[in-house]
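Hi there,

Here is the structure I promised to pass along. Have a look at it first, and then read on for what turned up.

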Amino acid sequence: MKKPPKQNQKEESYCLGIESSADDFGIGISSFKGKILANKYDSYIPAEGGIHPREAARHHSEIADKVLHDALTFAGLKPDDLSVIAFSQGPGLGPSLRTGATVARALASYLHIPLVGVNHSIAHIEIGKLKTGVTDPVTLYVSGGNTMVTAFDAGRYRVFGETLDIALGNCLDVFAREAGLKHQKGVPLGAAVERLASEGKNLVSLPYVVKGMDLSLSGLLTSATAQLHVNNCRLEDLCYSLQEYAFSMVTEVTERALAHTEKREVLLTGGVAANKRLQSMLSIIAEEHDAQFNVVPIEFATDNGAMIAWTGVLAYKHGLVTPLDESFVKLRWRVDKVDVPWIQ
Amino acid sequence: MDTVTEKTLFKKGAEASLYAANWHGRKVVVKIRIPKRYRPEAMDKQIRSYRTVHEPQLMHEAKVAEVPTPLIYMVNISEASITMEFVEGQQIKQLLNRTTPDKRKEICTLIGELVGKLHRHGLIHGDLTTSNMILSPEGKIFFVDFGLGEKNVEVEAQGVDLHLMKRALQSTHYLFWEECFKAVQYGYSSVLGAETAEKVYEKIKEIERRGRYVEERKQ
């Protein structure tokens with residue numbers, strides 16, 4: 001007797017996501033049902049100064065195969081088990097993004113499976129929703145490259161407030177470097193500032209710049225840095241003051257968006273989400289507006305491959321695939337330029 | 001003097017609570033900037049009293065510039081409150097998406113003219129959203145909420161002001177924002193003259209390029 005043909009050879013389908021927009025190279029694997037099977041990464045740490053895009057890209061290309069291998073091994077999957085390859089298509093640093101995109105194209109072509117280009121910022125929101133269970137939040141996304149307040153309305157994530165110049169994480173990082181703090185593996189510069197700030201008491205007067213729904217941080221950075229060199233303020237007090245001013249500004253803008261949209265959930269994500277002081281400020285405004293406050297767990301709040309994999313699943317399930325000839329990276333791909341068909 | 005009666009909360013904004021009340025037989029709005037627990041007390045007090053003092057000053061200046069704003073009756077710095085005229089009418093935010101294209105164009109042109117008058121007079125509103133504009137029954141548009149405003153004659157400040165107007169239209173009236181902003185520019189140019197207005201539009205482009213993720217930004 002002939003065996004019946006196997007149906008549904010694979011019980012579950014999987015998407016592998018590649019994140020490489022800045023200093024982290026991450027690979028995550030998500031099932032189509034939203035189970036994260038692996039979330040591996042390796043970070044480029046500059047010897048001095050900020051991220052050098054070329055050096056970051058060089059780092060990514062050197063460790064890509066190792067991270068890929070780690071992720072597949074950790075998930076207990078073989079390349080053939082994958083159904084979709086997703087990658088961070090933007091926004092971000094060109095050389096870094098291109099490295100990830102190249103790996104993604106190679107994998108998708110070799111395995112003959114579809115490729116899905118994912119917007120990095122949207123991926124942050126989607127993994128945050130998956131991991132915290134919120135459904136329709138006002139999101140504050142604060143990292144080294146991004147500072148924005150977004151909420152979903154009519155098919156897209158709309159930007160209700162953003163920085164007019166530098167990002168919050170960038171502001172803290174540059175200040176930390178000017179203060180002579182060093183980036184160490186496992187201890188981001190922002191965490192070093194936070195630790196010092198917790199020992200600060202005296203509020204140094206700095207510029208507070210909220211313009212309508214938007215904010216500006218470059219003047220704050222310049223002013224805080226100037227105090228560093230001229231006055232002999234305690235570094236602890238300066239770190240404290242910088243945090244208080246910068247966080248108050250983003251909190252005010254988030255509160256405006258919350259009052260305006262009347263949503264019932266606040267989601268905090270991005271690398272700066274790890275900061276306890278920022279968390280406490282946002283939980284206060286959430287409480288005052290009867291909204292639920294959620295922080296994305298740090299593994300999924302910093303740049304990570306799992307968020308790209310999961311958003312790739314959402315997009316793919318809604319018929320979105322990226323043909324090879326449209327898979328070029330988009331360095332300035334705004335969140336409000338992307339249709340989001342998987343909501344409603 | 002400061003007997004405000006029948007105070008009822010009608011709007012809890014992000015920054016302030018607005019109460020409808022009765023003051024010597026007049027219907028008034030009492031705007032109270034509530035203390036914000038999230039920021040240090042000293043910073044909070046400074047921000048709230050600064051905005052409470054400056055807002056009425058700017059509203060007065062706006063009247064001089066022929067831009068309708070509510071009359072100010074009373075200011076209390078220690079409780080960060082302003083008592084002002086209650087303007088009857090409809091919020092532009094509520095009506096802009098529902099009205100006819102012609103009416104929309106007319107309203108936006110008028111808004112542009114008013115912004116032009118503010119700027120010509122050296123005033124920056126600081127929060128030009130359609131929630132901060134009220135269309136009165138006699139067809140005047142009142143500007144409210146000057147809390148983030150300033151006196152400034154620089155093209156930079158004017159550019160940011162108008163850029164915020166554009167951003168507000170994009171986020172709240174995304175279906176019509178382009179035609180709306182075009183009409184705003186039309187009204188704005190008619191007050192300031194094409195040459196001056198063009199400098200501000202150029203500045204808007206420059207400001208947008210400064211943002212992180214914008215197509216137009218130079219590499």
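**A helix of chain B and what covers it**

The buried residues of H1(B) are Ile47(B), Arg48(B), Arg51(B), Thr52(B), Glu55(B), Pro56(B), Leu58(B), Met59(B) and Ala62(B). Please keep in mind that this is a predicted model. Several elements of chain B cover those buried residues, including strand S3 (26–33), strand S4 (72–76), strand S5 (81–85), helix H3 (101–120), strand S7 (123–124) and strand S9 (141–143).

Does the length of this helix agree with what its residue count predicts, or disagree? Helix H1 of chain B covers residues 41–64, and its 24 residues should span 34 Å at 1.5 Å a residue; the C-alpha atoms at its ends are 35 Å apart, which agrees. Just after H1(B) comes Glu66(B), which takes a positive phi of about 70 degrees.

**The domains of chain B**

Chain B is divided into domain 1 (4–85) and domain 2 (90–210). Taken over C-alpha atoms, the centres of domain 1 of chain B and domain 2 of chain B are separated by 23 Å. Their contact takes 15 residues from domain 1 of chain B and 14 residues from domain 2 of chain B. On the side of domain 1 of chain B that touches domain 2 of chain B, the residues divide into eight nonpolar, two polar and five charged.

Moving to chain A, the mean pLDDT is 93, and 97% of the residues of chain A reach 70 or more. Residues 1–8 of chain A have a pLDDT below 50, and this stretch has zero contacts in the model beyond near neighbours in sequence. Where pLDDT is low, the predicted coordinates should not be read in detail.

**The domains of chain A**

The domain assignment of chain A gives domain 1, made of 14–121 + 303–337, and domain 2, covering 125–300. Between the centres of domain 1 of chain A and domain 2 of chain A, taken over C-alpha atoms, there are 26 Å. The contact takes 15 residues from domain 1 of chain A and 17 residues from domain 2 of chain A. Helix H10 (residues 305–317) of chain A gives the largest share of the side of domain 1 of chain A that touches domain 2 of chain A, with five residues. By class, that side of domain 1 of chain A has seven nonpolar residues, seven polar and one charged.

**Hairpins in chain A**

Strand S1 (residues 14–19) of chain A pairs with S2(A) in the antiparallel sense over six bridges, and the two form a hairpin with four residues between them. Within this pairing, Gly26(A) in S2(A) is the bridge partner of Glu19(A).

Strand S2 (residues 24–31) of chain A is also joined to S3(A), by seven bridges, and these two run antiparallel. Here Asp24(A) stands opposite Ser43(A), while Ile29(A) stands opposite Ala38(A). The hairpin of S2(A) and S3(A) has four residues between the strands, and Gly34(A) in this hairpin takes a positive phi near 95 degrees.

In S8(A), Glu162(A) is the bridge partner of Met148(A). S7(A) and S8(A) form a hairpin with two residues between them, and Ala154(A) in the turn has a positive phi of about 50 degrees. S8(A) is mostly covered, with five of its seven residues buried.

**Where the two chains meet**

Finally, 31 residues of chain A are in contact with 27 residues of chain B. Strand S8 (156–162), strand S9 (210–211), helix H7 (235–261) and helix H8 (276–288) of chain A each supply at least two residues of the side of chain A that touches chain B. Which element gives the most to that side of chain A? H7(A) does, with seven residues. By class, the side of chain A that touches chain B has 16 nonpolar, five polar and 10 charged residues.

Best wishes

How values were computed:
Residues are numbered from 1 along each chain as its sequence is written. Chains are lettered from A and ligands numbered from 1 in the order in which they are written. This is a predicted model: local features need pLDDT of at least 70, side-chain atom pairs count only at pLDDT 80 or more; totals for chains, interfaces and linings use all residues. Two residues are in contact if their C-beta atoms, placed from the backbone, lie within 7 Å. Ala, Val, Leu, Ile, Met, Phe, Trp, Tyr, Cys and Pro count as nonpolar, Asp, Glu, Lys and Arg as charged, and the others, Gly among them, as polar. Domain bounds come from an automatic or database domain assignment. pLDDT is the predictor's confidence in each residue, from 0 to 100. The expected span of a helix is 1.5 Å times one less than its number of residues. A residue is buried if 20 or more other C-beta atoms lie within 10 Å of its own, exposed if 12 or fewer, and partly exposed in between; C-beta atoms are placed from the backbone. Two strands pair if DSSP finds at least two bridges between them.
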